[in-house]
Every structure is written in C-alpha cells, then in structure tokens.
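I opened my notebook to look up one residue and then the whole chain. Here is what I worked from.

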Amino acid sequence: MPVFPLGAHVDDGGARFAVASTSADAVEVCLVDDVDEGPNGPLTERRIELTEQTFGVWHGHVPGVRPGQRYGYRVHGPYHPWDGVRANPAKILVDPYAKQITGRVTDLGAARGWCDDPMTGPPSPVDSLGHVPLSVVTAPRTGPPGPRPGVPWSETVIAEVHVRGYTMRHPDVPPQQRGSYLGLAHPAVIAHLQRIGVTSVELLPVAAIVDEPPLLDRGAPNYWGYSTLGFMAPHAGYASVPGAELTEFAAMVEALHAAGIEVILDMVPNHTCEGGVAGTTLCYRGLDARAYYSLTPDGHDADITGCGNTLDSGSPTVIRLVCDALRYWVTAFGVDGFRIDLASVLGRPRSGPFDPHAPLLTAITVDPVLSTTKLIAEPWDATAEGYRVGGFGVAWSEWNGRYRDAVRDFWRGHGRIGELASRITGSSDIYALSRRRPWASINFVTAHDGFTLRDLVSYERKHNEANGEESRDGSEDNRSQNFGVEGESASPVIRARRLATARAMLATLLLSTGTPMLLGGDERWRTQGGNNNAYCLDDETTWIDWSACAGTPEQLTDFIARVAALRRSHPGLRRDRFFTDTDATWWHPSGRRMTDQDWHEPHAHTVGLLTRDRLLLMHGAAAAVACTLPTEGAFRPVLDTSTDDGRPVSTRPFPGGATITLPPHSLVLLRRPVSA
C-alpha cells in the first residue's frame, strides 16, 4: 500500500490529494469556488490532473490550496455498466476520505450517471457540479482529544439517541442550538441523561448523510441517517452554525466526557447513499464501483442490505476505508466506540456466507486503536442467512434481538418462561460458548427501528401511512399489545394498565444481567402514533416533547432514575459473570423451586429469580396471582412496578414463607436484609 495518506492534506505550500481508483484512465481534482454573485450563485471550477499513480492511488500536490477549499474528483475511463465500470467525468465526486462535506443533492437527474437505462443506456452528459455535495479541505486536528471516560462494560447503561430529535423541542436549549451537536451538549440535557443513569449515548448516524434516490424522488428526508455519503465527515445538518460541524461535534464529545458519559457512534459501513445501479453517482460508484461494491456478474449491485447496494467487505479498498474512518473518529474526537449497522454484512465478503473471522471484522478487532473501544454489532442483515445473533467474535457485543422478543412476549402473556429466564440472566446459551461475558448481550426492548415503548403497549398493528409507502414498510412482527383499544385511549383503566406494563418492561431491562439499552424518549412517554418505521419523518412524530414538567413523562423519568440507581448501588444487579447453579435458584409462585416440568408449562406467566441477597418476581398475566416466598430469612420490598414511581406501598419486611399478591403485569424486587 502507498505510504502517503488518502484524502486531502494541507502543508505549508498547498495540499496533497490522493484518491483510489483502479479502473480509471485519468483522475482530475477539481477546485471549486463561488463567482462574484455569492455563495448561492454560479460556481467556478479549476481542474488539475493527478499525474502520479501508485498502486491504484492517484495523487499529486496542488500549490496554494488552504483549508476551506471545496473540491471534488472527475474520473475518466471506461463506461461499461454490464461490467460494473461507470467512469463518467461529467459527474463531480466526493472524496471518500473527506473530513468535511458541504451541500446536498438538488437535482436527482444531474446526480445520475446514466441516460435512458442504467445498464444499457449511455453515460449522462449533464454536469453535476452545483447540484451535488462537495468535499472541503480541512486543517489537521490540533492535539489529541482528552481522556475517555472508560466506563467498564459491567457498569454501562446505554441510551440510543438521535442528535436532532432529542433536543428539537427542549425548552432549556437555546432555539438556535436545538437539534444540533451543541443542543445535545447542553447542561440541561446532560443532567437529564445523568438523572436516568445513562453512562453512554449511542448516537444514530452522524457521518455525512445524503438522502437516497427513492427519498429524493418524493422529497422526503432520511431522518434516521442510515444513508452515508462520507464516513469521516460529521453531518453538517447537525451544526447550529453552518460549516461549524467539526468544532461543534468535538465540543459535544468533550462536554459529554466531562460528565462521565461515553459517545458511541452508529456507523453504516455496509452500504452507501448511492442506491442501486439506477441510483446516483456521487462518489464510490463513479470512482471505482468494482472496488467498493459487491456486484453480480452482470454488473448489478448484490443487495443484501435492503438499501440498493452493498459495500464489499472483502475488498482491500473497503477494508482500508472502514478502518481508517473508525480510527479517525477515535483519534481526532475521542469517540468511545461504535455500533455497526447490519454488521453481519461485514462478515460476508462479496455477499457470500458469513464468517466471523472475515477480513474486515478481523481488521477492526486487531486494530491497536479500535480494539480499545466498545464494539457493538447489529448481528443481522436483510437476508435470512445474515441473522447471526451470537455469531460474532469475542471482541464484539451484540444487539440481542432474542432478548427483545422474549421480554415483549412475556409481558403480553405469550412465550415460554424458559426463554425469558435465559435472556434476563445474560443469555449464556448464546454468549458463553464463545467465552464472552454477560455484557456481550446488549439488552433492549425498544430501539429506533420499531415501536416506541408507549406504542408497544398501545398498538397491535403498525400505522405507517405518513411514510408515503402505503404502509408496506416496517415490520409485521411487533409482539405488542393494545389492552383492547388500538391507539390512544381516554380510559383511565387502560392507561394505567399500559403504564404498569411499560414500567415492568423497563425494570426488567435495567435489572437483567447484560448491558441495558434504553431508547431515548421512552422515558418521556413518547409516541409515534403507531408508526414503527419513522425513518423519513423529521417532525413532531419523531421529536421528543419535553414540555410536560409533571404527569406521566415526569413520573416515568423518576421511575427509570430509581431503577437505574438500584442497579448502580447493588453489584449483583450488574454481574460480569454468568450465573451458576449455586448462584441462583428459579422460584415457583407456589413456594418451591422450579422443576423441569414447570419450564414446559404453556400457561406459566410467573417466575422468580432467587439469589443470596434478593428475590426478583415477574408476573406477566392480566390477572393477579398469589406468590409464596421462600421460608429462609425475610424479604424487604425495594421496587414495585405497580406504583407510579416504583416505590413499594410498604417497605416492611415480609417474613419467610409469607404469601404476597402480585398485581397484573408487575415486577417486584425484594432484598434479603443482613439479618431477618
């Protein structure tokens, strides 16, 4: 590999540019400036051919270039779509290694590289300059970032947060900072995160986002951000001041770190914003489609992501880009870790079978920088072959979809209690075989993709009409319940049942062995009106409403804060080892240990977990049940999800052998005092 770095790098005399393209015959770097009419007027362009070519990298030095210079590349070469080669010098291309990207797609036709038909038609002669994003030369980051909080996995509590949606309606955040990096860094927001026990924020994608072709066609945004153009550039749309995204992103990380909160980035190194062959030519497709994308023999994109294209995790070009990008976020900004979207794609070179030791996965885990960060896999892709929960290597934690399904099922009165028991004790059946610890299981009940917690207990069907896809999008497998009324209800009885079940699920999550992940906004009782795939809605549907300073949102926030404090204060609730037979006993509500036959009882909806110092009782049915406590010792109630704030009506200890009543859909935590 060449010794020079890829991208644009300034020095005293100008800047050196380097870009990879093994299929090009010639590459030009194009310096773009405004003409006299101002920043919204016509653009002027100066093209400089990169005459040096080493190992498939085109490079050269351009005198006089300074930070702030906009630029792009034009690639000359063959245009053979049937062979996956689509060089078209009419299209100005973003640098894959750009640290800053400006502009957006304003003309979809100009952004397409083809005419008439993407496979058989000629290349488009329309110049895309002025209609597509451009790269920006940046100054080197000065000095290393400050120390990272270094929160141990066993003490980690994650909140999945959208930078824009979390603060767009926050009254304490200045209006100009709402929905921005600085909004998330505001002291009021950080204090709230600390209050609910969050140690790490997992940010939905913040690498430069461009809406993909189907959304551009109908004028809708990719609000979630799983549509990356540049893997190293902070998204400009989350800056409160245009062009200040690098400094504001750095300030956000610094502020969160000062509060002891880690920053984990949701990265999308499995596909790009360009879509399938009928999509756009903004960067990778025009530079060297065969080096970046997994293609079929006839030049089409092999789509195992459901997003039109798939980055080829077996390509050295992709492996280098992904590792360089992740490393940049750590070394330049001090980012603490990554959640990898559709991570099984990274283990499927050329879209083939999954291999946990595939080159890209191995490169990430052995990297001396990346191996010191938190690595979280979303262990599936858009195919049945790609569902790989438990299939990743020892360096990875995983979103545990089986945990989500088991907890949802139990609290709606479905499923087997044996599945729940395995999930709440760390999923040793999934992770122990690979010698991972319980924290490898990222436990969650709700996430950005699917119902919010409020909608999970209010809707049994998705209601995605606002997405413009006739509700064909979004999962049908919601495992939700509505308590007899679809959607919002004025009935105080139904509302109370919904809240009680929501509290039980939250307590289950925070008291389970493993790493809990909350969905940001659930603590404020946020609804999306039954939309389980609100990826293209950037409005009040997806923004969190912070206006209520009393009532349900505040009560639920207090409840989560209370349960999180219990987790922090008791080491047994944040174990870093799996349970053994001597550590815990499964307790039957009739007052005895569970038998093998009990685990197979189809109508069992109550189970207890007894340890040396506590008893956790969970009852998932719609009617109350009597439960007899163990005879040894006494048991003091410390949490009862049937009350608004989780405080037991009485904290007086129950004597051993006492019978207590568990209300419908309730969780009770009792502690054994040192002496009865």
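**Entry one: a single residue.** I started with A564, which lies in helix α15 (residues 552-569). Helices here are DSSP runs of H or I, at least four residues, and strands are runs of E, at least two, numbered from the N terminus. The model is predicted: local features need pLDDT of at least 70, side-chain atom pairs count only at pLDDT 80 or more, and totals for chains, interfaces and linings use all residues. Residues are numbered from 1 along each chain as its sequence is written, and side-chain values use heavy atoms, with hydrogens and water left out.

Is A564 buried or exposed? I found it buried, because its relative accessibility is 3%. Buried means under 20% relative accessible area, exposed over 50%, and partly exposed in between (1.4 Å probe, protein chains only).

Which residues does A564 touch? Leaving out residues up to four places away in sequence, I noted I196, G197 and L510. A contact means heavy atoms within 4.5 Å. I also checked V157: it is 407 residues from A564 in sequence, yet 8.5 Å away in space, C-alpha to C-alpha.

**Entry two: the whole chain.** I then looked at the protein chain, which has 16 helices and 28 strands. Buried residues make up 61% of its 676 residues. I took contacts between residues at least 6 apart in sequence; 72% of them join residues at least 24 apart. The C-alpha atoms fill a box of roughly 85 × 50 × 50 Å, taken along the principal axes.
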